[in-house]
Amino acid sequence: GGGGGGGGGTDFCFPADAVVEVETQGATKMKDLRIGDKILTANQKFETIYSFGHAIPSDEFEFVRITTAEPAPLELTPNHMVFVTDRNGYHAQIAAKLEVGDVLQKADGEQTRITNVQSVRREGAYAPFTPSGTLVVNGVVASSFASLQDSATLLVGQYSTGVSYHWIGHYFETPHRFICSVALGWCQNETYNKETGLSNWIHLPFKVGSWMVRNDANSILRLVVLSGMLGTIFAMWVLTNWLPAVSLALVLGCLVVFRRASLRVCFNKQKLL
């Protein structure tokens, strides 16, 4: 991730002068965005910013500058993800792994080819979160999320699980996203860790996750945590998709009642015998 200044944990962000399209304002710099603004995302949809995973107005950080035939160059931290089309198809990839010739997606759905990749230093670090986990920055479709490793997918030891960090980030944010969808006013009072600039919603999980992936000897522990993470994601899905949850509860309830009724009938038959 990026470094420099006083802010650590700048693994996912865009510089202060990066530009997004706000529904009611047009082109707007990242530093001028606010929670509640509706910005352009993938599939040409405007979505509400419900959080900033990262928000540091000052200090300089390292960014990868991605130049394409058009539009303007995109700049993002090395571990931040952008959507690319390459020999593996269309998927999220970390900026550090992008190469000349890779194809990015523009706001209008058209493709644009990378012509140059270089490292630059810029001021500020911002990571807006939207419901889809996507946003259009400098005319290119990017992810709201970053990888905790030098890979777009979760690694266990030297082996890829095939699970995208974009997917992990999006589903980890499910309860946060749900709360903000029903109480955006509460989310607009978001606070940030003074040391890292990370939202206090994700600061501790981010630190724990970063520590784990830095300790390669913990591969087995990582696998266990992955299993727990997937279980948590399933629980989040059940909690935030109330209709399937209620349906499942009703089915289980009927099964329990039916089972008890069957046992009662059998018990009464035995008494009669």
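**Exercise 1. Determine the handedness of the link between C180 and C187.**

Solution. The angle about the S-S bond is -95°, and the link of C180 and C187 is accordingly classed as left-handed. The coordinates belong to a predicted model. To confirm that the pair qualifies as a disulfide, take the S to S distance, which is 2.0 Å for C180 and C187. The cut-off for a disulfide is within 2.5 Å, and the pair C180 and C187 is joined by such a bond. A search of the whole structure finds 1 disulfide.

**Exercise 2. Decide whether C180, C187 and C13 are buried or exposed.**

Solution. The criterion for a buried residue is under 20% relative accessible area. C180 has 4% relative accessibility, so C180 counts as buried. C187 likewise has a relative accessible area of 4% and is therefore buried. For C13 the relative accessible area is 0%, so this cysteine is buried.

**Exercise 3. Describe the second largest pocket by its volume and its lining.**

Solution. Begin with the volume, which is about 310 Å³ for the second largest pocket. The lining comprises 15 residues, and those closest to the centre of the pocket are D86, N88, H91, Q93 and K97. Next, assign the lining to secondary structure: β7 (80-86) and β8 (89-94) each supply at least two residues. Of the contributing elements, β8 gives the most, with 3 residues.

Methods. Residues numbered from 1 in each chain as written. Predicted model: local features only at pLDDT ≥ 70, side-chain atom pairs only at ≥ 80, totals over all residues. Heavy atoms only, no water. Buried < 20%, exposed > 50% of the residue type's maximum accessible area, 1.4 Å probe, protein only. 1 Å grid on protein atoms, 1.4 Å probe; cavity = no way out; pocket = protein on both sides within 12 Å on 5 of 7 lines; lining within 4 Å. Points joined across faces, edges and corners; volume = space filled by probe spheres on them. Helix = DSSP H or I, 4+ residues; strand = E, 2+ residues; numbered from the N terminus. Nonpolar A, V, L, I, M, F, W, Y, C, P; charged D, E, K, R; others polar.
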